[in-house]
Amino acid sequence: MQYIVGNMLPMMNFQPFIFTLLCGVVLVSCGVDRETRLHQAVTFASSAGKAADVRRLLEAGADVNSRDEKGCTPLLNAYGIGCDVFEYEPCHEDAVASLRMLSDAGADVNARTPNGLNALDLALRHFDNEPIVCLLRERGLKASTPEYELVWHAMHNHVAEVKRLLADGVSPNAHSADGQSALWATMPCFNVKPHAAECMDLLLAAGADVNELQDGRSLLDMALIFAGEEMEKRYVNILRRHGAVMVRPPCWH
């Protein structure tokens, strides 16, 4: 039942009342007791980032620290944390508001999954959820997976944080949960924001593998593909300065 509703979330763009009603109908039809219904509903609402539904369910007495069959709380299942950020709908104000409500209602921000990950560790697996990560850090949460944290900060061009993590001894060759390296996270095919090249330079100076391959291409291969703009040419110069080589040259090169 949770699987059915959970897999419907990416396709839903319901008004809050309709979303809550759907959750209630499905849960009641399955003969679930009231406490479990509230827990399941607040989990669904928080995973979809539906702040109005979260508020109503908390007012109805939903336990913010109850755990589901996988051992996770509503906060650990929240949108941008345990629930993927949909490509067409990055973290929005409603999702941040629902997470803030859970925290203000007494949700344990230090709760961990059965395999030992906290909410910030889970959030660092996503790249379109900067407001969520900022809120968790604001609430005092620290990552227990510094490698994921380095990749996330490299992707978001947080130069000071990249410097801090490297100084703390995090490997410049760190990878995220899905295999993305910190160095590739700074590449123009993923990242054309200011300071991305600066983060790349920091990682390479710290010993990141300048010739790491991804899908059969090197960093220099990809940089040359995107080398039409001045910023992208800067990537090429940095990589060549650190000894990068081509593996599959662009067809026009």
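Predicted model: local features only at pLDDT ≥ 70, side-chain atom pairs only at ≥ 80, totals over all residues.

User: What's the secondary structure of the chain?

Analyst: It comes to 13 helices and zero strands. Those are DSSP runs numbered from the N terminus (helices are H or I, at least four residues; strands are E, at least two).

User: And how much of the chain is buried?

Analyst: Of its 253 residues, 51% count as buried. Buried means under 20% relative accessible area, exposed is over 50%, and partly exposed is in between (1.4 Å probe, protein chains only).

User: What share of the contacts comes from residues 24 or more positions apart?

Analyst: Counting contacts with a separation of 6 or more, 67% come from such residues. A contact here is heavy atoms within 4.5 Å.

User: OK, helices. How do H9 and H11 pack?

Analyst: Their axes are 10 Å apart, at an angle of about 10°. The axes are lines fitted to C-alpha atoms, for helices over the stretch in contact, and angles run from 0 to 180 degrees between N-to-C directions. H9 and H11 are therefore roughly parallel. That label covers angles under 35 degrees, while over 145 is roughly antiparallel, 65 to 115 roughly perpendicular and the rest oblique.

User: Which residues make the contact?

Analyst: From H9 you have Val-159, Val-162, Lys-163 and Leu-166, and from H11 Glu-198, Cys-199, Leu-202 and Leu-203.

User: Is Leu-166 buried or exposed?

Analyst: Leu-166 is buried, at a relative accessible area of 18%. Leaving out residues up to four places away in sequence, Leu-166 touches Leu-150, Pro-172, Leu-202, Leu-203 and Ala-206.

User: Switching to charges: how many salt bridges does the structure hold?

Analyst: Nine. The cut-off is a side-chain nitrogen of Lys or Arg within 4 Å of a carboxyl oxygen of Asp or Glu.

User: What does Arg-164 form a salt bridge with?

Analyst: One partner is Glu-149, with the closest N and O atoms 3.2 Å apart. This pair links distant parts of the chain, since Arg-164 is in helix H9 and Glu-149 in helix H8 (residues 146-155), 15 residues apart. Arg-164 also meets Asp-168 in a salt bridge, at 3.6 Å from N to O.

User: How accessible are Arg-164, Glu-149 and Asp-168?

Analyst: Arg-164 is partly exposed at 32%, Glu-149 is buried at 8%, and Asp-168 is exposed at 55%.

User: What about Asp-201 and Arg-241?

Analyst: Their side chains meet in a salt bridge too, 3.3 Å from N to O. Asp-201 lies in H11 and Arg-241 in H13 (residues 230-241), so the pair ties together parts 40 residues apart in sequence.

User: Last one: which residues make the nonpolar surface patch?

Analyst: Leu-213, Val-245 and Val-247, covering about 240 Å². Patch residues have over 30% relative accessible area and no salt bridge; like charges are joined within 9 Å, nonpolar side chains (Val, Leu, Ile, Met, Phe, Trp, Tyr) within 5 Å. Areas come from the Shrake-Rupley method with a 1.4 Å probe, and for residues only the protein chains shown count as cover. Leu-213 sits in the loop between H11 (196-205) and H12 (219-225).

Terms used
Residues numbered from 1 in each chain as written. Heavy atoms only, no water.
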